[in-house]
Amino acid sequence: MTAEAHLQGVEISAAQFFEIWHHYDSDGNGYMDGKELQNFIQELQQARKKAGLDLTPEMKAFVDQYGKTTDGKIGIVELAQVLPTEENFLLFFRCQQLKSSEDFMQTWRKYDSDHSGFIDSEELKSFLKDLLQKANKQIEDSKLTEYTEIMLRMFDANNDGKLELTELARLLPVQENFLIKFQGVKMCAKEFNKAFEMYDQDGNGYIDENELDALLKDLCEKNKKELDINNLATYKKSIMALSDGGKLYRAELALILCAEEN
């Protein structure tokens, strides 16, 4: 079945949701916008009509919100609110624990326990299990393994079998995913190391909240198209959630500001 055909169904599986997402996120940037979003809305309406089904209240609200604008943007979380899926799958998208970018960063610190900068499949499996338990859902281990594999397929942009911070951040609603903003201001390793040493003014090997504040203010000034200085407090609070008792070490800050060198 095609992705469009899945839109006719009353309930879709995890695998079908995955197929729909990748069909409409054609450029693979982690969200639907512009023509991608308009195509999805048009084909959703056509598919439901062809199947003799009305739009659900969630679908109608979604169409009303995004159907007449060309600057809308949705991520996987927003799509999960629209499409009816099997009972357990995607519950972790709605978990209270991931309502804000700060909560997300704290969750990342918990599961990236070895500070490797990524979550492997076993860590991801534990992550999903905990989120489903928070939603009072118990599932078989085989289903949990299936969901883990699907999550990797959904979010593992570079196909290395593990999820980096920016990849897993797609669990956040688009408006909460401040990491999207930082994609356009990432530095090469040499630039990042120079900046870290510049703002680590006392040379103690970590950046505190005041030093991060100065760094972010300068970044906002230099990158006004990507970063809004009015959101400085939110940026700082979210990034400091990665810190160790208020100490933001080089490796943690690199997750936000350092682009991998090819």
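User: A salt bridge is a side-chain nitrogen of Lys or Arg within 4 Å of a carboxyl oxygen of Asp or Glu. How many salt bridges does a search of the whole structure find?

Analyst: This is a predicted model: local features need pLDDT of at least 70, side-chain atom pairs count only at pLDDT 80 or more, and totals for chains, interfaces and linings use all residues. Residues are numbered from 1 along each chain as its sequence is written, and side-chain values use heavy atoms, with hydrogens and water left out. Side chains of opposite charge can pair when their charged atoms come close. Over the whole structure, the number of salt bridges found is eight.

User: Which residue forms a salt bridge with Lys237?

Analyst: The closest N and O atoms of Lys237 and Glu102 are 3.6 Å apart. Lys237 lies in helix H13 (residues 232-240) and Glu102 in helix H6, so the pair ties together parts that are 135 residues apart in sequence. Helices (H or I, at least four residues) and strands (E, at least two) are DSSP runs, numbered from the N terminus. The partner of Lys237 is Glu102.

User: Is Lys237 buried or exposed?

Analyst: Buried means under 20% relative accessible area, exposed over 50%, and partly exposed in between (1.4 Å probe, protein chains only). Glu102 has 21%, so Glu102 is partly exposed. Lys237 has a relative accessible area of 51%, so Lys237 is exposed.

User: Which domains is the chain divided into?

Analyst: The bounds come from an automatic or database domain assignment. The chain is divided into domain 1 (1-85), domain 2 (97-173) and domain 3 (178-257).

User: How much area is buried between domain 2 and domain 3?

Analyst: Twelve residues of domain 2 are in contact (heavy atoms within 4.5 Å) with 14 residues of domain 3. Buried area is the accessible area (1.4 Å probe) that two parts lose on being put together, summed over both. Carbon and sulfur atoms give 67% of the area here. The total is about 1,100 Å².

User: Which helix gives the largest share of the side of domain 2 that touches domain 3?

Analyst: Across this interface the rule finds one salt bridge. Two elements give two or more residues to the side of domain 2 that touches domain 3: helix H6 (101-111) and helix H9 (165-168). The largest share, seven residues, comes from H6.

User: Which residue does Asp141 meet in a salt bridge?

Analyst: The N to O distance between Asp141 and Lys125 is 3.2 Å. The pair links distant parts of the chain, with Asp141 in helix H8 (residues 141-155) and Lys125 in helix H7 (residues 121-134), 16 residues apart. Lys125 has a relative accessible area of 16%, so Lys125 is buried. The partner of Asp141 is Lys125.

User: Which residue does Lys224 meet in a salt bridge?

Analyst: Lys224 counts as exposed, at 60% relative accessibility. Glu221 is partly exposed, at 46%. The N to O distance is 3.7 Å, and the residue that Lys224 meets is Glu221.

User: Which residues are linked with Asp213 in a network of salt bridges?

Analyst: Asp213 is found in helix H12 (residues 209-222). With a relative accessible area of 16%, Asp213 is buried. Not counting residues up to four places away in sequence, Asp213 touches Leu232 and Lys236. The network joins Asp213 with Glu209, Lys217 and Lys236.

User: What covers the buried residues of H13?

Analyst: The buried residues of H13 are Leu232, Tyr235, Lys236, Ser238, Ile239 and Met240. Their cover includes H6, helix H10 (179-182), H12, strand S6 (248-249) and helix H14 (250-257).

User: What distance separates the C-alpha atoms of Gly245 and Asp208?

Analyst: Gly245 sits in the loop between H13 and S6. Gly245 is exposed, with a relative accessible area of 75%. Gly245 and Asp208 are 37 residues apart along the chain, and their C-alpha atoms are separated by 9.5 Å.

User: What distance separates the C-alpha atoms of Arg48 and Glu102?

Analyst: Arg48 is found in helix H3 (residues 34-50). Its relative accessible area is 6%, so Arg48 is buried. Arg48 and Glu102 are 54 residues apart along the chain, and their C-alpha atoms are separated by 38 Å.
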